[in-house]
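I am opening a notebook on this structure and will write down what I looked up, entry by entry.

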Amino acid sequence: MTVLATAELKRNLWRVGRRVLAVVLPVLLVGALAVGVFTSVLFEGDPSGDEDGALVGCAVIARPAPIDIGSLDAEQLANAQTIVAVGRALGVPSRGWVIALSTALQESLLRNLPYGDRDSIGLFQQRDAWGSRADRLDPAMSSRMFFTGGKGGQRGLLSVPDYLDLPVTRAAQAVQVSAFPGAYAKWENLARQLASTPSIAASECASGFGGGAGSKVVEVALTQLGIPYSWGGGTLSGPGRGFGKGASTVGFDCSSFTRYVWFQAAGVTLPRVASDQAAAVTPVSLGEIRAGDLLFFHDPRDRLGFFHHVGLYDGRGNIIHAPTTGRTVEVKPIDLTVDHPWGDTVVAGRPTAKP
C-alpha cells in the first residue's frame, strides 16, 4: 500500500469515526442522564409524593367536628377538611392551604360537583386531561392533583416557583389557568378563616383502608355521580327506567345503585332491595367501617329488619348514594359518631367479594 493510499484510508476511517461518535455520544449522554435521574428518584424520593404514598395514607380523613362558619354547610366544611388534610400529608404550609381553599371556593363553592364548564368537574373543576372522572370526583385525589399536578402533566401548586410568596390569585391562576384570573382573591379572607379554624386546621390523613375491593367499589360509585334517582330503576348493567314515580326517568334508586356498583366492581350480586341487602351482608360495627361498606337506614318507627335507604361508605366520612326523587347520585358527609345520623338508626354491612 502506498503512502498516499494509507493516508487516504486514515482520512476515511476518521470520517467514519466522527459520524459514529455523532450518533452514539448523544445517546450515551442521554442514557447517563436518565440513570442519574432514576437513581435520584429511587434513593431521594419524588418531592411531589409517589403514586401510592400520600394517597393511600389519605384513604381516611380524621375530621374534628367542625363549627359553623358563615353560611357553609356540612358538605363544604368536610371538603375544606379534606383539602387541608391532603395538604398536610404533602407537607404544604398553611399558606398553601389558603391558596387551595380560595381556589376551590371560586371553582365549586367547596362542593364536589359532577358537572361544570365543558368537561370540568369536582372541587377544583379539573378537566379531562387532569385524570379520570373517578379521580377528579374524589375530593382527596383532586386535592392532591391541585397540589402536585394532573395526570396529563399539568402543573400543580408545588411546582409553581415561590408560590408561598405570590398573591393568592397569581398562585391559583398558575395552576388553574382560568379565564377569570382575578376571581380567586375575593375568597382569600374566608379561606384564611377556614385554614385557621381548629376543626379545619386539625384535619389530617389517618391510616387508611386503601386497596382491595372497597377501593374499586368507591371508584365505580364515583363514576355514577350526577345520574338521576329513578324509583325502581337501574339494573346490574347500569341506569334504567323505573316504574311508578320513576317511570319517566332513567337512573338508579338507592338499592339498585349499590347493587350495580358492587357487581361492576367485585362481581358480587346483591339482592334487589335495601332490607334484603342488609340481611345478605356481614354486619360491621360503625367503628370498623371501611371504604365500600354499605350503610343501611332504619326509621325507629318501622318494623325490625326493615331499611328504607342504603348507600356506600367512601372511607373518608362520606356516603355515596342515590338519595330521592328529583336528586342525583351524590357524595354527602355523614357523621357516624352520633346516635341517629339524619334521624335514623344506621347499621353497616360488608358484602363478600369474589376471590
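Which residues line the largest cavity? Before answering, I note that this is a predicted model, in which local features need pLDDT of at least 70 and side-chain atom pairs count only at pLDDT 80 or more, while totals for chains, interfaces and linings use all residues. I also note that residues are numbered from 1 along each chain as its sequence is written, and that side-chain values use heavy atoms, with hydrogens and water left out.

**Entry on the cavity.** I found the lining of the largest cavity to consist of Leu137, Asp138, Pro139, Val218, Leu222, Asp314, Arg316 and Val331. I looked up the term: on a 1 Å grid over the protein atoms alone, a cavity is a set of points where a 1.4 Å probe fits but cannot get out, and lining residues have an atom within 4 Å of a point. The structure holds 1 cavity of 30 Å³ or more, and the volume of the largest is about 30 Å³. I sorted its lining into 5 nonpolar, no polar and 3 charged residues.

**Entry on helix 3.** Helices here are DSSP runs of H or I with at least four residues, numbered from the N terminus. Helix 3 covers residues 74-89, and its 16 residues reach 22 Å from first C-alpha to last, close to the 22 Å expected at 1.5 Å a residue, where the expected span is 1.5 Å times one less than the number of residues. I recorded that helix 3 is largely enclosed by the rest of the structure, because 13 of its 16 residues are buried (under 20% relative accessible area, with exposed meaning over 50% and partly exposed in between, for a 1.4 Å probe and protein chains only). At its start, a side-chain oxygen of Asp73 comes to within 3.2 Å of the backbone nitrogen of Glu75, and just after the helix Gly91 has a positive phi of about 80°.

**Entry on Ala191.** I located Ala191 in helix 8, residues 188-196, where it is buried at a relative accessible area of 0%. Leaving aside residues up to four places away in sequence, Ala191 touches Val98, Leu101, Ser102 and Leu105, contact meaning heavy atoms within 4.5 Å. Leu105 lies 86 residues from Ala191 in sequence, yet their C-alpha atoms are 8.0 Å apart.

**Entry on a loop.** Between helix 4 (94-108) and helix 5 (133-136) I found Arg118, and Gln125 sits in the loop between these helices too. Arg118 has a positive phi near 55°, and Gln125 has one near 50°. Arg118 is exposed at 65% relative accessibility, whereas Gln125 is buried at 12%.

Notes: Helices (H or I, at least four residues) and strands (E, at least two) are DSSP runs, numbered from the N terminus. On a 1 Å grid over the protein atoms alone, a cavity is a set of points where a 1.4 Å probe fits but cannot get out, and a pocket is an open set with protein on both sides within 12 Å along at least five of seven lines; lining residues have an atom within 4 Å of a point. Grid points are joined across faces, edges and corners, and a volume is the space filled by probe spheres set on the points. Ala, Val, Leu, Ile, Met, Phe, Trp, Tyr, Cys and Pro count as nonpolar, Asp, Glu, Lys and Arg as charged, and the others, Gly among them, as polar. A polar contact is a pair of N or O atoms within 3.5 Å; within protein, one must be able to donate a hydrogen and the other to accept it, and residues adjacent in sequence count only if both atoms are side-chain atoms.
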